[in-house]
Amino acid sequence: MFKINRVLSSALLTSTFLIAAVGSGCSARVRIYDEYHSDYHRWDRHEDGAYRRYWGERHEQYRDYNKLDKDEQKNYWNWRHEHQDSDRH
């Protein structure tokens with residue numbers, strides 16, 4: 001009986017942690033360090049919107065940030081710092 005209670009308690013605790021992790025919006029916790037301006041940027045829906053505007057202004061096809069080389073990332077952060085808006089960066 002004690003072993004069953006222990007297993008059920010562990011399962012309940014594990015499921016509680018999993019629900020908390022999924023519900024906490026882990027994707028909003030992605031931070032990218034901009035080494036050219038020595039600051040961090042939270043990659044959330046606001047930053048994603050700015051990134052998409054960047055590609056739209058350049059009249060180029062959208063490219064995933066992680067696939068850009070260092071020079072292309074630098075170009076984006078330079079643009080981003082020149083185009084501050086009311087949302088956080």
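Histidine 59 is found in the loop between H2 and H3, where helices (H or I, at least four residues) and strands (E, at least two) are DSSP runs numbered from the N terminus. The model is a predicted one, in which local features need pLDDT of at least 70 and side-chain atom pairs count only at pLDDT 80 or more, whereas totals for chains, interfaces and linings use all residues. Residues are numbered from 1 along each chain as its sequence is written, and side-chain values use heavy atoms, with hydrogens and water left out.

Histidine 59 follows H2, and its phi is near 55°, a positive value in a residue other than glycine. Because its relative accessibility is 72%, histidine 59 counts as exposed; in this scheme buried means under 20% relative accessible area, exposed over 50%, and partly exposed in between, with a 1.4 Å probe and protein chains only. Serine 38, placed in the loop between S1 and S2, has a phi near 55°, which is likewise positive in a residue other than glycine. With a relative accessibility of 53%, serine 38 counts as exposed.

The chain as a whole contains three helices and two strands, and from the N terminus on its elements run α-β-β-α-α. Of its 89 residues, 21% count as buried. Among the contacts in the chain with a separation of 6 or more, 46% are accounted for by residues 24 or more positions apart, a contact being defined by heavy atoms within 4.5 Å.

Helix H2 has 14 residues and reaches 20 Å from its first C-alpha to its last, close to the 20 Å expected at 1.5 Å a residue; the expected span is 1.5 Å times one less than the number of residues. The N-terminal end of H2 is capped by aspartate 44, a side-chain oxygen of which lies 3.1 Å from the backbone nitrogen of histidine 46. The buried residues of H2 are Glu47, Ala50, Tyr51, Tyr54 and Trp55. Seen down the axis of H2, these buried residues fall within an arc of 140°, so they line one face of the helix, the arc being that of the directions from the helix axis to the C-beta atoms. As background to this pattern, an α-helix has 3.6 residues a turn, so residues three or four places apart point the same way. The cover over the buried residues of H2 includes S2 and H3.

Helix H3 has 13 residues, which at 1.5 Å a residue should span 18 Å, and its end C-alpha atoms are 18 Å apart, in agreement with that expectation. The buried residues of H3 are Gln73, Tyr76, Trp77, Trp79 and Arg80. These residues cover an arc of only 160° around the axis, which puts them on the same side of H3, while Asp71 and Glu82 are exposed on the other side. The buried residues of H3 pack against strand S1 (31–34), strand S2 (39–42) and helix H2 (45–58). At the start of H3, a side-chain oxygen of aspartate 69 reaches to within 3.1 Å of the backbone nitrogen of aspartate 71.

Glutamate 72 also belongs to helix H3 (residues 70–82), and it counts as partly exposed because its relative accessibility is 23%. When its neighbours within four places in sequence are left aside, glutamate 72 is in contact with Tyr54 and Arg63. The side chains of glutamate 72 and arginine 63 are joined by a polar contact of 2.8 Å; such a contact is a pair of N or O atoms within 3.5 Å, of which, within protein, one must be able to donate a hydrogen and the other to accept it, and residues adjacent in sequence count only if both atoms are side-chain atoms.

A search of the whole structure finds 17 aromatic pairs. One of these, formed by tyrosine 33 and tyrosine 40, is tilted, with 4.9 Å centre to centre and 55° between the planes. Rings of Phe, Tyr and Trp (its six-membered ring) pair if their centres lie within 6.5 Å, and planes under 30 degrees apart count as stacked, over 60 as edge-to-face and the rest as tilted. Tyrosine 33 counts as partly exposed at 41% relative accessibility, as does tyrosine 40 at 47%. Ring pairs also link Trp43, Tyr51, Tyr54, Trp55, Tyr62, Tyr65, Tyr76, Trp77 and Trp79 into a cluster.
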